[in-house]
Amino acid sequence: MTGLRRPAFVCALVLSLVLALPPSLLPGAVVAQEATPGASGSGEGPVLLFNAPGMRPDLVETFAAEGALPAMADLRARGAVADGGLITPFPATTGASLATLLAGAWPAEHGVVGDRFFRTGSPDFADFATWADPGLIQADTLPQAAERAGKQVV
């Protein structure tokens with residue numbers, strides 16, 4: 001009888017230790033990206049949502065300081081920053097990246113999984129979608145939320 005209790009005790013002990021660990025320490029754990037801190041101020045000023053896939057903020061700073069990017073230099077002088085850029089979603093395509101930036105959700109939530117992709121359940125490969133198809137993004141986007149709040153979106 002004692003031989004049967006020891007493996008059960010060891011299994012229970014190991015299981016309780018694994019369950020006590022924070023999820024971020026488990027192998028293969030997926031940890032959500034921290035939320036972007038809100039901008040200071042009343043929120044009444046204009047907002048520029050700028051997307052440049054592949055652009056490196058450190059090179060923009062260098063080129064702006066040399067005078068090669070006067071518009072970016074002006075934005076930086078007014079306080080615009082892009083510290084480190086964004087974490088790239090997977091797949092790292094323009095369509096998935098832009099939809100992730102607009103919606104603040106990962107591709108599994110907003111539904112755009114590439115620049116051109118085939119719809120699940122399609123009888124053949126003739127039925128495809130592109131990231132710019134109207135109504136494709138399945139999550140609320142920042143421009144939609146801004147329009148609902150009475151802001152002008154261009």
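Between which two helices is the loop where L48 is found? L48 is found in the loop between helix 1 (2-20) and helix 2 (57-65). The structure is a predicted model, in which local features need pLDDT of at least 70, side-chain atom pairs count only at pLDDT 80 or more, and totals for chains, interfaces and linings use all residues. Residues are numbered from 1 along each chain as its sequence is written, and side-chain values use heavy atoms, with hydrogens and water left out.

**Fold and confidence**

- The protein chain has six helices and two strands, where helices (H or I, at least four residues) and strands (E, at least two) are DSSP runs numbered from the N terminus.
- Along the sequence, the pattern of the protein chain is α-α-α-α-α-β-β-α.
- The mean pLDDT (the predictor's confidence in each residue, from 0 to 100) of the protein chain is 75, and 72% of its residues reach 70 or more.
- Confidence is lowest in helix 1, with a mean of 66, and highest in helix 3 (residues 70-77), with 89.
- Where pLDDT is low, the predicted coordinates should not be read in detail.

**Burial, contacts and surface of the chain**

- Of the 154 residues in the protein chain, 15% are buried; buried means under 20% relative accessible area, exposed over 50%, and partly exposed in between (1.4 Å probe, protein chains only).
- Among contacts (heavy atoms within 4.5 Å) with a separation of 6 or more in the protein chain, 36% are between residues 24 or more positions apart.
- The protein chain exposes about 12200 Å², of which carbon and sulfur atoms supply 62%; accessible areas come from the Shrake-Rupley method with a 1.4 Å probe, and for residues only the protein chains shown count as cover.

**L48 and its patch**

- L48 counts as exposed because its relative accessibility is 59%.
- L48, F50, M55 and L75 make a nonpolar surface patch of about 380 Å².

- S97 lies in helix 4 (residues 94-103) and is buried, with a relative accessible area of 18%.
- Apart from neighbours within four places in sequence, S97 is in contact with P89 and A92.
- T141 sits in the loop between strand 2 (128-130) and helix 6 (142-148), and counts as buried at 11% relative accessibility.
- Beyond its neighbours within four places in sequence, T141 is in contact with L102 and A103.

How values were computed. Patches are made of residues with over 30% relative accessible area and no salt bridge: like charges are joined within 9 Å, nonpolar side chains (Val, Leu, Ile, Met, Phe, Trp, Tyr) within 5 Å. A salt bridge is a side-chain nitrogen of Lys or Arg within 4 Å of a carboxyl oxygen of Asp or Glu.
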